[in-house]
Amino acid sequence: MYARVVAATVAAALGTAAALLSPTSDARAREICVPTVIAHRGASAYAPENTLAAIDKAAQLGFSWVENDVQRTKDGELVVLHDDSLQRTTDVEQVFPGRAPWRVRDFTAAEIARLDAGSWFSPAYAGVRVPTLEQYVRRVEHNHEKLLLEIKNPELYPGIEQQTLKVLGNEGWLDRRHLGRLVVQSFSADSVRTVHELKPAVITGYLGTPTVAQLHRFARFTDLVNPSYGSLSRWYVAAVHAFEGPHGRPLRMFAWTVDDAATARKAAGYGIDGIITNKPDVVRAALGSH
């Protein structure tokens with residue numbers, strides 16, 4: 001009974017996800033399909049990464065998919081930041097000079113909210129802040145964008161999968177309409193598996209390159225296999241596409257991080273389904289996508 005209920009729930013919830021995950025009619029149709037372009041950490045070549053300014057810039061450039069990273073503060077708040085240290089992308093050394101190595105998990109949300117997360121990138125972005133996950137998904141919603149959300153360093157933050165899903169649920173991102181606009185991914189297979197087990201209807205992605213012999217195990221809990229473009233080959237992409245994921249559709253692949261036209265065209269030629277890029281406009285122009 002439980003399996004039938006879950007299957008019915010998943011089938012209903014994924015109705016709006018057909019554009020992302022529905023199989024093409026044949027191999028040739030997949031080969032000529034233009035990959036989806038995903039703005040990496042927002043349009044991060046043009047605005048400070050993982051900030052509201054970066055996803056606003058992606059929207060201004062006409063891109064619907066944005067990628068972000070989630071970590072957790074000392075007092076349990078989820079914030080959007082790539083590194084496990086605040087040092088590279090904020091002025092934490094000046095504001096809190098005696099607290100090296102400035103790890104995210106050693107600062108409260110209120111302390112992180114004081115930091116400038118834009119000046120390192122450009123004086124034009126002075127005063128931009130590190131957003132909380134709530135602030136981030138609300139802006140994504142406001143911009144009518146889609147979200148590729150990475151759970152970063154889950155080994156540092158026990159229970160972050162449940163917490164992330166709770167925030168997404170509270171913000172309305174786990175209803176049928178939003179599930180077609182959301183992928184949760186991680187470099188940790190255990191983290192991806194946990195997300196799938198907690199919320200089977202959520203589309204999941206594994207960041208990495210499992211061997212072909214491992215793909216049948218990954219296909220039980222992930223819908224996408226998302227490798228570095230440097231590890232791609234036409235043979236490997238075809239092997240991934242040959243497996244069905246947990247929702248009964250062929251596995252898909254978003255490759256990262258591609259920022260030049262020649263590499264974008266080469267990656268697209270392998271038949272991948274999406275390209276994650278800091279320069280989405282460059283990739284779009286190279287592929288002739290819209």
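The model is predicted.

Most peptide bonds are trans. Two exceptions are described here. Pro-101 sits in a loop. That loop runs between helix H5 (92-95) and helix H6 (109-113).

The other cis bond links Trp-256 to Thr-257. Here omega is about -25 degrees. Thr-257 is also placed in a loop. On one side of this loop is strand S8 (254-255), and on the other is helix H13 (261-269).

**Positive phi**

Most residues other than glycine have a negative phi. Arg-41 is not a glycine, yet its phi is positive, about 55 degrees. Look for Arg-41 in the loop between strand S1 (36-39) and helix H4 (52-60).

His-144 is not a glycine either, and its phi is also positive, at about 60 degrees. The loop that holds His-144 lies between helix H7 (133-142) and strand S4 (146-151).

**Buried or exposed?**

Is Arg-41 buried or exposed? Arg-41 has a relative accessible area of 13%. The cut-off for buried is under 20%, so Arg-41 counts as buried. For His-144 the relative accessible area is 68%. Exposed means over 50%, so His-144 counts as exposed.

| Residue | Phi | Relative accessible area |
|---|---|---|
| Arg-41 | about 55 degrees | 13%, buried |
| His-144 | about 60 degrees | 68%, exposed |

Notes. Residues numbered from 1 in each chain as written. Predicted model: local features only at pLDDT ≥ 70, side-chain atom pairs only at ≥ 80, totals over all residues. Heavy atoms only, no water. Helix = DSSP H or I, 4+ residues; strand = E, 2+ residues; numbered from the N terminus. Buried < 20%, exposed > 50% of the residue type's maximum accessible area, 1.4 Å probe, protein only.
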